Amino acid sequence: MRRLLTVLLVACAAAWALMPGAAWAHDVLVGSDPADGARLDAAPSEVTLVFNTAVRTGYAHVNVTGPGGTSWADGSAVVRKERVSVKVRPLGAAGEYVVGYRILSSDGHPVSGKVTFTLTRPGPGAEAPATPGATPAATPTATPTGTPTGTPTAAPTGTPVPSAAGGDQAGQGAVSPTGPASTAPDLSMQAAEAAANGGAGMAVLWIGGALLVLAAGTVVALRRSTRGEDRA
Amino acid sequence: MTTLTAAAPPRATPTTRLLLPGLFTVGALLAVVIASTLTAEEAVPGIPLPGPAVEYGLPIVRVLLDLAAVAVVGLSVLPKLLGFDTPDTTEPIMRRVRPLAVTAAWAWAITALLTIVFQTAELSPGAIPTLGMIADYVDSVGAGQGMLFSAACALVAAGIGLMAVRFGEKVPAELRIVVALFGLLPIPVTGHAVDSVWHDPLMISMELHVMGAAVWTGGLIAVMTYARPLLPEVLPRFSRLATVCLLLVSASGLVSGLGTMALTPGGELPGALLTTEYGLLVVTKVVLTAALVPVAAYIRFRLMRQQKTSVAVWAAAEVSIMGLAYGVAVAITRASIG
């Protein structure tokens with residue numbers, strides 16, 4: 001039994017040694033711009049979410065959904081340490097907008113949620129093709145652009161796809177959100193992240209080292225037990 | 001073989017031998033499905049979420065991984081509990097157990113690799129993970145590397161288990177135990193962590209929690225399933241180990257659960273215990289552990305002396321509760337704190 005406890009202690013020591021730096025935490029949304037529940041006169045050009053610790057790059061999704069399920073995010077989310085932001089096309093009708101997010105927490109699992117803000121006056125996007133003086137309580141009919149299903153790579157300001165405005169306003173928005181976020185490669189960020197968690201190379205190194213130690217232990221143990229038998 | 005079985009008549013029929021592992025598996029699967037349903041990620045407008053195949057597949061595969069790991073640990077601890085003084089009675093048992101440990105280790109490795117696939121799929125909703133995506137995931141996310149390490153340890157455990165099948169107890173039992181426990185170490189890495197000076201102590205607390213739970217549960221199932229004829233000698237030994245594990249598991253569980261909540265923004269105690277999913281699951285686990293204490297104490301102080309058949313009934317109750325706790329444990333690693 002004492003040997004067993006020793007074994008446990010050794011395993012704990014190994015756990016300590018194996019642990020990477022304290023770079024991991026569970027990410028929780030601590031703030032946003034615009035703030036949750038904010039009432040804005042002017043449409044923001046960008047939405048930023050702030051988390052308590054640095055968010056993993058490469059797996060963040062942020063989208064802005066307007067009245068009637070229209071999608072307003074322009075491009076994919078950009079992660080800068082704790083801040084995750086996404087550009088927003090000029091918003092359209094007044095009403096409630098939902099910023100939905102799903103990020104990869106630095107401790108390795110997805111965290112999702114939403115932030116809501118209200119646009120009190122129709123934004124510039126609302127004036128575009130269809131109905132200029134849209135009523136504040138504008139419904140999907142007033143939303144100008146058909147929501148582009150893919151992320152426009154070089155989205156112009158204003159309304160990207162005017163031709164889509166005519167026939168298919170209402171139904172389309174709810175169908176599919178913007179494509180998967182592929183963050184622009186921010187090399188220094190990625191390097192910092194790799195340094196923090198070792199990367200696969202380090203994992204392979206650890207596994208290789210552990211295998212060597214175990215193999216050596218097995219050989220020693222077997223030799224000792226056979227020698228003990230010879231003596232007996 | 002026949003002479004040896006005559007010395008220790010196997011009282012356990014195949015059905016009773018499947019009883020405890022079966023109860024444990026059913027309890028764990030039941031708990032994980034219920035808990036995952038209750039704590040499912042809420043739909044967010046405009047953001048694709050993984051489908052039900054991943055939503056339920058991932059926790060179920062994770063539970064199966066835990067079950068396989070518990071089996072390996074339990075079957076590795078068994079020779080220590082049986083003792084080496086009376087090989088005539090213990091060898092027939094070990095001869096049955098050693099191949100099972102190898103099988104369980106293979107199952108562990110496979111479920112660990114499957115978990116990586118599911119974790120990748122969880123991050124890329126709507127897409128079937130390709131090898132490239134999986135490589136990217138393992139390369140960039142610690143949880144993937146942890147699972148890979150766990151799978152490697154499981155394979156080593158299978159290798160050493162094979163040697164034990166061939167060479168018997170010449171392969172030291174401690175070596176098997178250490179390798180199995182080594183494979184458990186990365187598992188907490190896939191759960192929650194905090195950004196604070198308490199990160200390392202909390203991680204170690206979780207490591208102790210995982211190892212203590214595996215030794216306790218695995219040991220109990222292995223002893224009650226395979227060492228029935230030898231219970232008078234084995235049960236006292238196991239009881240001492242179980243007491244240590246019980247103290248270790250409850251203390252480390254409280255420290256890591258409450259610590260993680262206290263150090264995560266939005267997890268203010270004590271209110272968050274009842275308002276967050278994580279807090280509710282912590283409360284559930286505390287209740288389950290509290291339910292284990294009287295059952296374990298009854299087995300230890302009452303039944304052990306009299307050696308009644310009702311040990312089996314009480315052990316079945318204990319194992320079922322442990323199964324539920326394991327299911328909740330998987331859900332807790334994924335529940336939201338804030």
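**The largest cavity**

Modeller: There are eight cavities of 30 Å³ or more, a cavity being a set of points on a 1 Å grid over the protein atoms alone where a 1.4 Å probe fits but cannot get out. The model is predicted, so local features need pLDDT of at least 70 and side-chain atom pairs pLDDT 80 or more, while totals for chains, interfaces and linings use all residues. Residues count from 1 along each chain, chains are lettered from A and ligands numbered from 1 as written, and side-chain values use heavy atoms, without hydrogens and water.

The largest cavity holds about 100 Å³ of space, the volume filled by probe spheres set on points joined across faces, edges and corners. Its lining (residues with an atom within 4 Å of a point) draws on chains A and B. Chain A supplies Gly108(A) and His109(A). From chain B, helix H3 (52-82), helix H4 (87-123) and helix H12 (310-334) are the elements that give two or more residues; helices are DSSP runs of H or I, at least four residues, numbered from the N terminus.

Leu58(B) and Arg62(B) lie in the H3 range, and Gln119(B) and Glu122(B) in that of H4.

By class, the lining has four nonpolar, five polar and three charged residues.

Notes
On a 1 Å grid over the protein atoms alone, a cavity is a set of points where a 1.4 Å probe fits but cannot get out, and a pocket is an open set with protein on both sides within 12 Å along at least five of seven lines; lining residues have an atom within 4 Å of a point. Ala, Val, Leu, Ile, Met, Phe, Trp, Tyr, Cys and Pro count as nonpolar, Asp, Glu, Lys and Arg as charged, and the others, Gly among them, as polar.
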